[in-house]
Amino acid sequence: MNTKVLFSASLLWFGLLLGCTPQAAVEPDRATDLSAPNPTDQAIHKKDEVSPGMETPSKLTSQFPKSILTASTELDSVKDTPSVRAETVTEQGTLVMMSNGWEELGHLVVPSNYGREGDKTFQSDYSVIYRQGKENRLLLELPALMFARPDDKKLSFERVRFKDADVYVLTPQYKTGHGVEGYLFAVDQRSGEAFPLQIVSNGHMFHTLVYSENNPFPHVENDKLIVYPPVGAGGDPIGKIQYRLDLDKKRLVSE
């Protein structure tokens with residue numbers, strides 16, 4: 001009898017010991033650890049947050065092919081709404097260059113022939129349009145165009161006057177160390193029509209007019225456009241070139 005009592009008492013004591021182990025206390029703590037937010041995860045998500053309309057995450061990646069300016073540029077932000085980058089009112093309408101929605105904004109991190117350190121950079125698929133009343137006419141598309149400017153002020157289409165037309169020169173990149181490229185647009189005074197001009201030089205066709213950034217801006221003399229071409233490193237000055245305006249074929253032809 002005494003042996004049975006002792007055995008029962010031992011079993012009871014063993015059960016009490018099991019009930020007092022920390023196992024039950026450990027399980028709730030483990031569940032709490034799994035559901036608690038990780039401070040590191042919170043920091044990562046917060047870091048990648050962007051504001052509507054202007055994306056400014058810590059590290060942006062360009063969606064455009066590399067250009068000659070890319071290696072000297074740091075991307076600062078992205079605009080997902082159209083921006084007007086150049087605008088000039090003509091006698092019969094308005095010339096406008098605007099981004100097509102996605103535009104990357106940055107700055108030059110080092111000085112170079114293409115600008116000073118800190119100059120602002122712009123890149124987008126730009127369009128040049130001619131506005132007359134409620135009508136917008138597309139004149140030219142400039143895909144993935146990248147350029148640097150000292151500030152973010154609107155550019156102007158610089159006007160030169162022929163007898164039968166006004167010609168407007170748009171030069172997005174303001175310096176290169178030698179020569180800059182201008183896109184030319186004519187507004188025919190006879191019809192009011194606006195259109196881009198092709199450049200014909202020595203029998204070759206070009207989409208832009210390259211002119212010296214140091215000599216006088218292209219101008220008209222005796223109804224001919226006078227252009228001072230750029231001089232390469234170590235090269236001799238070429239002098240000036242004159243172009244006649246052919247409105248019927250929508251081109252400027254060197255003579």
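**Entry: Glu104.** I began with Glu104, which is buried, with a relative accessible area of 3%. My cut-offs are under 20% relative accessible area for buried, over 50% for exposed, and partly exposed in between (1.4 Å probe, protein chains only). I note that this is a predicted model, where local features need pLDDT of at least 70, side-chain atom pairs count only at pLDDT 80 or more, and totals for chains, interfaces and linings use all residues. Residues are numbered from 1 along each chain as its sequence is written, and side-chain values use heavy atoms, with hydrogens and water left out.

I placed Glu104 in strand β4 (residues 94-108). Strands here are DSSP runs (E, at least two residues), numbered from the N terminus. The Glu104 side chain makes a polar contact with the side chain of Ser62, at 2.7 Å. A polar contact is a pair of N or O atoms within 3.5 Å; within protein, one must be able to donate a hydrogen and the other to accept it, and residues adjacent in sequence count only if both atoms are side-chain atoms.

Which residues does Glu104 touch, not counting residues up to four places away in sequence? I found Thr61, Ser62, Gln63, Phe64, Leu75, Ser77, Val78, Thr121, Phe122 and Gln123. Contact means heavy atoms within 4.5 Å.

**Entry: salt bridges.** I counted 10 salt bridges. The rule asks for a side-chain nitrogen of Lys or Arg within 4 Å of a carboxyl oxygen of Asp or Glu.

Arg85 pairs with Glu103, with the closest N and O atoms 2.8 Å apart. Arg85 lies in strand β3 (residues 84-89) and Glu103 in strand β4, so the pair ties together parts that are 18 residues apart in sequence. Arg85 is buried at 11% relative accessibility. Glu103 is buried at 0%.

Next I checked Arg159 and Asp166, a salt bridge with closest N and O atoms 3.9 Å apart. Arg159 is partly exposed at 41%, whereas Asp166 is buried at 3%. Glu91, Arg159, Arg161 and Asp166 are linked in a network of salt bridges.

Lys224 and Glu255 also meet through their side chains, at 2.9 Å from N to O. This pair links distant parts of the chain: Lys224 is in strand β15, Glu255 in the segment after β17, 31 residues apart. Lys224 is partly exposed, at 23% relative accessible area.

**Entry: a sheet.** I traced an open sheet of 6 strands, in the order β12-β11-β17-β16-β15-β14, with mixed pairing. Its edge strands are β12 (204-206) and β14 (219-221), and each pairs on one side only. Neighbouring strands of this sheet are turned by 35° against each other on average, direction ignored. For the angle, axes are lines fitted to C-alpha atoms, for helices over the stretch in contact, and angles run from 0 to 180 degrees between N-to-C directions.

How many bridges join β15 to β16? There are 4, between residues 224-227 and residues 241-246, and these strands run antiparallel. Two strands pair if DSSP finds at least two bridges between them. Ile226 has Gln242 as its bridge partner in β16.

**Entry: nonpolar cores.** The largest nonpolar core has 20 residues, and those with the most contacts inside it are Met97, Val128, Phe157 and Leu170. Two or more residues each come from β4, β5 (120-132), β6, β8 (165-170) and β9 (179-188). A second, separate core of 19 residues includes Ala165, Leu209, Val227 and Leu252. Such a core is a set of buried Ala, Val, Leu, Ile, Met, Phe, Trp, Tyr and Cys residues joined through side-chain atoms within 4.5 Å.

**Entry: Asp152.** Asp152 sits in the loop between β6 (135-149) and β7 (158-161). Leaving out residues up to four places away in sequence, Asp152 touches Arg85, Lys120 and Phe122. Asp152 and Leu105 are 47 residues apart in sequence and 9.9 Å apart in space, C-alpha to C-alpha.

**Entry: positive phi.** Most residues other than glycine have a negative phi. Ala144 has a positive phi of about 55° although it is not a glycine. Ala144 lies in strand β6 and is partly exposed at 23%. Lys250 also has a positive phi of about 55°. Lys250 is found in the loop between β16 and β17 (251-254).
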